[in-house]
Amino acid sequence: MIEHIKFNNRILSIIVRKNFHKPGVHFFTPNEFSQQLAFMSHKKNKVIQPHIHRKVKRNVQYTQETLIIKKGKLQVDFYSDEQEFIESRILDTGDVI
């Protein structure tokens, strides 16, 4: 399961629940984000061909972070730029935000 938390048409967060699974490679973030988040699932002995990552200039306006919940639960509260509460989500062991 994938959940996008949005406010005023802006993505505040992408939550990838522990039960997400699809074969292949799946990027959750748009190309214009400064940090990319993806999920990969390949069959045993799959060989990923050598490749390069192109140099892409990015203008970072906000610090992005990724949290992997290794154990326990975490309540995440979302606020507007004016520090007004928007909503909350509970993350569990294995979730990524």
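A: Two residues lie between the strands in the hairpin of E1 and E2, and one of them, Asn-8, has a positive phi near 50°. Strands (E, at least two residues) and helices (H or I, at least four) are DSSP runs, numbered from the N terminus. The model is predicted, so local features need pLDDT of at least 70 and side-chain atom pairs count only at pLDDT 80 or more, while totals for chains, interfaces and linings use all residues. Residues are numbered from 1 along each chain as its sequence is written, and side-chain values use heavy atoms, with hydrogens and water left out.

Strand E1 covers residues 2-7 and pairs with E2 in the antiparallel sense over six bridges; two strands pair if DSSP finds at least two bridges between them. One of the bridges joins Phe-7 to Arg-10 in E2. The loop between E1 and E2 also holds Asn-9. Asn-9 has a positive phi near 65°, although it is not glycine. Its relative accessible area is 76%, so Asn-9 is exposed (exposed means over 50%, buried under 20%, partly exposed in between, with a 1.4 Å probe and protein chains only).

Further along, Ser-13 sits in strand E2. Ser-13 is buried because its relative accessibility is 8%. Apart from neighbours within four places in sequence, Ser-13 is in contact with Glu-3, His-4, Ile-5, Phe-78 and Ile-97, where contact means heavy atoms within 4.5 Å.

With neighbours within four places in sequence left aside, Ile-14 is in contact with Ile-2, Glu-3, His-4, Phe-28, Thr-29, Phe-33, Val-96 and Ile-97. A second, separate core of seven residues includes Ile-97, along with Ile-69, Val-76 and Leu-91. Ile-14 itself belongs to the largest nonpolar core, whose eight residues also include Val-16, Phe-20, Phe-28, Phe-33, Leu-37, Phe-39 and Val-96. A nonpolar core is a set of buried Ala, Val, Leu, Ile, Met, Phe, Trp, Tyr and Cys residues joined through side-chain atoms within 4.5 Å.

The 29 lining residues include Ile-11, Leu-12, Tyr-62, Thr-63 and Gln-64, which are the closest to the centre of the pocket. Strand E2 (10-16) and strand E5 (74-79) are the elements that give two or more residues to this lining, and E2 gives the most, with five residues. By class, the lining of the largest pocket has twelve nonpolar, ten polar and seven charged residues. Here Ala, Val, Leu, Ile, Met, Phe, Trp, Tyr, Cys and Pro count as nonpolar, Asp, Glu, Lys and Arg as charged, and the others, Gly among them, as polar.

On a 1 Å grid over the protein atoms alone, a pocket is an open set of points where a 1.4 Å probe fits, with protein on both sides within 12 Å along at least five of seven lines; lining residues have an atom within 4 Å of a point.
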